Amino acid sequence: MKYLIVIMLAMLVTVGNLWGFDVGVDGAGECGSNPEVVVYKLASCGPAAQDGSIAVSHKCCSLVKRVDKRCLCAIVLSKELQSRGLNPAIAVTIPKRCKDPRRPKGYKCGAYTVP
């Protein structure tokens with residue numbers, strides 16, 4: 001039984017890192033995986049990252065609230081985000097628009113600051 005619990009815990013950490021969520025284990029970069037890949041997982045945030053007047057979807061907010069601030073910054077600065085026509089200056093406002101009280105307010109992300 002103890003071995004089963006250890007295996008399940010290892011699987012949870014692995015899955016968390018693959019999805020780009022901070023589970024307390026350093027992986028490949030800030031997101032535990034390539035931020036370019038994590039951008040695809042946050043596809044529901046696309047419209048809100050293009051236009052600041054568009055409401056952020058519940059799905060997007062749910063995902064963004066679980067992303068570590070370093071990972072969020074890596075996503076905002078990623079080439080993939082910009083190649084999809086998403087605006088980093090607008091994307092960095094999503095945590096505030098989701099009314100996330102834990103958002104990294106004032107956190108510097110390249111030329112952008114999380115409001």
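How many of the residues of the protein chain count as buried, as a percentage? Of its 115 residues, 38% do, where buried means under 20% relative accessible area, exposed over 50%, and partly exposed in between (1.4 Å probe, protein chains only).

1. **Before you start.** This is a predicted model, in which local features need pLDDT of at least 70 and side-chain atom pairs count only at pLDDT 80 or more, while totals for chains, interfaces and linings use all residues. Residues are numbered from 1 along each chain as its sequence is written, and side-chain values use heavy atoms, with hydrogens and water left out.

2. **The overall layout.** You'll find eight helices and two strands in the protein chain. Starting at the N terminus, the order is α-α-α-α-α-α-α-α-β-β. Helices (H or I, at least four residues) and strands (E, at least two) are DSSP runs, numbered from the N terminus. Now look at contacts, meaning heavy atoms within 4.5 Å. Among those in the protein chain with a separation of 6 or more, 55% are between residues 24 or more positions apart.

3. **Helix α5.** Have a look at α5 (69-76). This helix is mostly covered, with six of its eight residues buried. Those buried residues are Cys71, Leu72, Cys73, Ala74, Ile75 and Val76. What do they pack against? Their partners are α2, α6 (79-83), α7 (88-91), α8, β1 and β2 (112-113).

4. **Three salt bridges.** A search of the whole structure turns up three salt bridges, each being a side-chain nitrogen of Lys or Arg within 4 Å of a carboxyl oxygen of Asp or Glu. The general idea is that side chains of opposite charge can pair when their charged atoms come close. Asp68 pairs with Arg70, with the closest N and O atoms 2.8 Å apart; Asp68 is buried at 14% relative accessible area, while Arg70 is partly exposed at 36%. Arg84 and Glu80 meet at 2.9 Å, N to O. Here Arg84 is partly exposed at 43% and Glu80 is buried at 16%. Arg102 joins Asp100, with their closest N and O atoms 3.9 Å apart. In that pair Arg102 is exposed, with 61% relative accessible area, and Asp100 is buried at 5%.

5. **The largest pocket.** Rolling a probe the size of a water molecule over the atoms shows where empty space is left. On a 1 Å grid over the protein atoms alone, a pocket is an open set of points where a 1.4 Å probe fits, with protein on both sides within 12 Å along at least five of seven lines; lining residues have an atom within 4 Å of a point. The largest pocket holds about 250 Å³ of space; grid points are joined across faces, edges and corners, and a volume is the space filled by probe spheres set on the points. Of the 17 lining residues, Leu42, Cys45, Gly46, Leu81 and Leu86 lie nearest the centre. The elements giving two or more residues to this lining are α2 (35-41), α3 (46-50) and α5 (69-76). By type, the lining has 14 nonpolar residues, two polar and one charged. Ala, Val, Leu, Ile, Met, Phe, Trp, Tyr, Cys and Pro count as nonpolar, Asp, Glu, Lys and Arg as charged, and the others, Gly among them, as polar.

6. **The second largest pocket.** This one has a volume of about 150 Å³. Its lining divides into five nonpolar residues, no polar and six charged.

7. Lys99 sits in the loop between α8 (94-97) and β1 (108-109). Lys99 isn't a glycine, yet its phi is positive, about 55 degrees. Most residues other than glycine have a negative phi. Lys99 is also exposed, at 68% relative accessibility. Gly52 is in the loop between α3 and α4 (58-64) and is partly exposed at 43% relative accessible area. Leaving aside neighbours within four places in sequence, Gly52 touches Ile90 and Arg97. The C-alpha atoms of Gly52 and Ala91 are 8.2 Å apart, although 39 residues separate the two along the chain.
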